[in-house]
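Visitor: I would like to learn how labels get attached to residues. Could you walk me through some?

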Amino acid sequence: MKPQIKPGIVVKSQKGRDKGRLFMVLYQVDADFVMVCDGKLRKLDKPKKKRCKHLTALPYEMEQHLALYAANRLKDSDIRKELDKILYELTDRDKA
């Protein structure tokens, strides 16, 4: 079963110029849109508004990062490090 797109989950972009990139969902704007960031091109101070149907949810949650975001203590470097770990794990799994 595919995970639902909700705040704190890691998603992969399927459409647009950022196709193939991993993002963390910060919050849901409405039923169709969420705000995402990756700490590199899309930082916390300027997240990207992305349509949910253009994203694929991955089975990774960043709940501790979401709690830090709610407390206004999350940094771009925290998101980058975690997404890099997940990307390494995904590419390592594909090679095996």
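Visitor: Why is Lys6 called partly exposed?

Guide: This is a predicted model, and the values are computed from it. Lys6 has a relative accessible area of 34%. Buried means under 20%, exposed means over 50%, and partly exposed is in between. The 34% of Lys6 falls in between, so Lys6 is partly exposed.

Visitor: What makes Glu61 and Lys6 a salt bridge?

Guide: Their side chains meet at 3.7 Å, N to O. The cut-off is within 4 Å, so the pair counts.

Visitor: Which parts does that pair tie together?

Guide: Glu61 lies in strand S5, residues 55–61. Lys6 lies in the segment before strand S1.

Visitor: Why is Asp84 called partly exposed?

Guide: Asp84 has a relative accessible area of 36%. That value lies between 20% and 50%, so the label holds.

Visitor: What makes Asp84 and Lys40 a salt bridge?

Guide: The closest N and O atoms are 3.2 Å apart. The limit is 4 Å, so this pair qualifies. Asp84 is in helix H2, and Lys40 is in the loop between strand S3 and S4. They are 44 residues apart.

Visitor: How many salt bridges does the structure hold?

Guide: The structure holds 4.

Technical notes: Residues are numbered from 1 along each chain as its sequence is written. This is a predicted model: local features need pLDDT of at least 70, side-chain atom pairs count only at pLDDT 80 or more; totals for chains, interfaces and linings use all residues. Side-chain values use heavy atoms; hydrogens and water are left out. Helices (H or I, at least four residues) and strands (E, at least two) are DSSP runs, numbered from the N terminus. Buried means under 20% relative accessible area, exposed over 50%, partly exposed in between (1.4 Å probe, protein chains only).
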